[in-house]
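Biologist: Please pick one part of this model and go through it closely. I would like its partners as well as its surroundings.

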Amino acid sequence: MSNDTQGTWLTQEAFDRLTAELEQLTGPARIEIASRIEAAREEGDLKENGGYHAAKDEQGKIEARIRSLTELLKHATVTEAEFDGTVEPGTVVTATIAGDPSTFLVGNREIVAEGSDLTVYSPVSPVGAAIVGLRAGDSTTYTAPNGKEIAVEVTKVERYEP
């Protein structure tokens, strides 16, 4: 498992939302997909049965999501983010990255509810790791995956409010 799932900070709202999704996937969604697979099997020849193959693909996606959520929730830390003005998981940061202004959340993408356009950087990503612990007005650089040094200036740090 990646470091991103170990010790992941989540808001109570995100934890509750993800727990409800896991319960839905392990209950009603599994029953529904099993019924679809069984109905498709009864149609006969599985080699050319598009409904069967589509249902099996969907079942694989559901099982992968169940594994992902189970691991994430098992290692989650659910607390109000401690906020002392420094960049930490659970903070929204406005920064100038390579000359371009950007606003993003430091944390896990699962924190942000569906439909939000807020970009999320993991605290273990190159930019996340470089700015964790910084305050508004601080500058640093980080090495991008392509080897290029990129300048970052933190201009604002706020507590994330879902």
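Modeller: In strand β4, Ser102 is the bridge partner of Ala95. The model is a predicted one, in which local features need pLDDT of at least 70 and side-chain atom pairs count only at pLDDT 80 or more, while totals for chains, interfaces and linings use all residues. Residues are numbered from 1 along each chain as its sequence is written, and side-chain values use heavy atoms, with hydrogens and water left out.

The part to look at is β3, residues 91-97. A strand here is a DSSP run of E with at least two residues, numbered from the N terminus. β3 pairs with β4, residues 100-106, in the antiparallel sense, and seven bridges connect the two; pairing requires that DSSP finds at least two bridges between the strands. Together β3 and β4 make a hairpin, with two residues separating them. Ala98 lies in that turn and has a positive phi of about 55 degrees.

β3 is also joined to β7, residues 149-159. This pair is antiparallel too, with seven bridges. Within it, Val92 has Glu158 of β7 as its bridge partner.

Buried stands for under 20% relative accessible area, exposed for over 50%, and partly exposed for what falls in between, using a 1.4 Å probe and protein chains only.

Methods
Helix = DSSP H or I, 4+ residues; strand = E, 2+ residues; numbered from the N terminus.
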